[in-house]
Amino acid sequence: MSFRGRLTLFFVLIVIVPMVSVTVVIFSLISNNEDGKANAAVAARLDTASNLAKEARQEAERAGRIVGQDRALSAALRRGDDTAAECRT
């Protein structure tokens with residue numbers, strides 16, 4: 001092998017191979033970072049949706065207790081008197 005061939009091989013092994021490997025690692029890190037940001041956004045939206053659902057359920061439970069304790073409304077519903085039931089709401 002000539003000096004020029006050995007020099008080219010040395011250059012490829014010392015310069016080109018590490019640059020390619022560093023490029024692959026950098027793009028992998030960038031991809032992982034983007035995935036992490038997307039996962040964080042999804043988690044934030046999930047937390048918000050869960051909190052909104054919890055608040056809606058608590059509000060419905062409060063309203064259900066109020067309606068369940070209204071004797072006049074339950075009597076109107078048993079009689080089938082829609083107008084009296086609507087007046088209670």
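The following dialogue explains how several descriptions of this predicted model were reached.

Modeller: In this predicted model, local features need pLDDT of at least 70 and side-chain atom pairs count only at pLDDT 80 or more, while totals for chains, interfaces and linings use all residues. Residues are numbered from 1 along each chain as its sequence is written, and side-chain values use heavy atoms, with hydrogens and water left out.

Colleague: What makes up the secondary structure of the protein?

Modeller: The protein has three helices and zero strands, in the order α-α-α along the sequence. Helices (H or I, at least four residues) and strands (E, at least two) are DSSP runs, numbered from the N terminus.

Colleague: Why is the protein called more spread out than a compact globule?

Modeller: The radius of gyration, taken over C-alpha atoms, is compared with the globule rule, 2.2 Å times the number of residues to the power 0.38. For 89 residues the rule gives 12 Å, whereas the protein has 35 Å, well over that value, so the description applies. The C-alpha trace spans about 105 × 20 × 15 Å along its principal axes.

Colleague: How do you know that the span of helix H1 agrees with its number of residues?

Modeller: The expected span is 1.5 Å times one less than the number of residues. Helix H1 (residues 3-68) has 66 residues and should span 98 Å; its end C-alpha atoms are 95 Å apart, which agrees.

Colleague: Why is Thr 48 called partly exposed?

Modeller: Buried means under 20% relative accessible area, exposed over 50%, and partly exposed in between (1.4 Å probe, protein chains only). Thr 48, found in helix H1, has 44%, and is therefore partly exposed. Buried residues make up 4% of the 89 residues in the protein.
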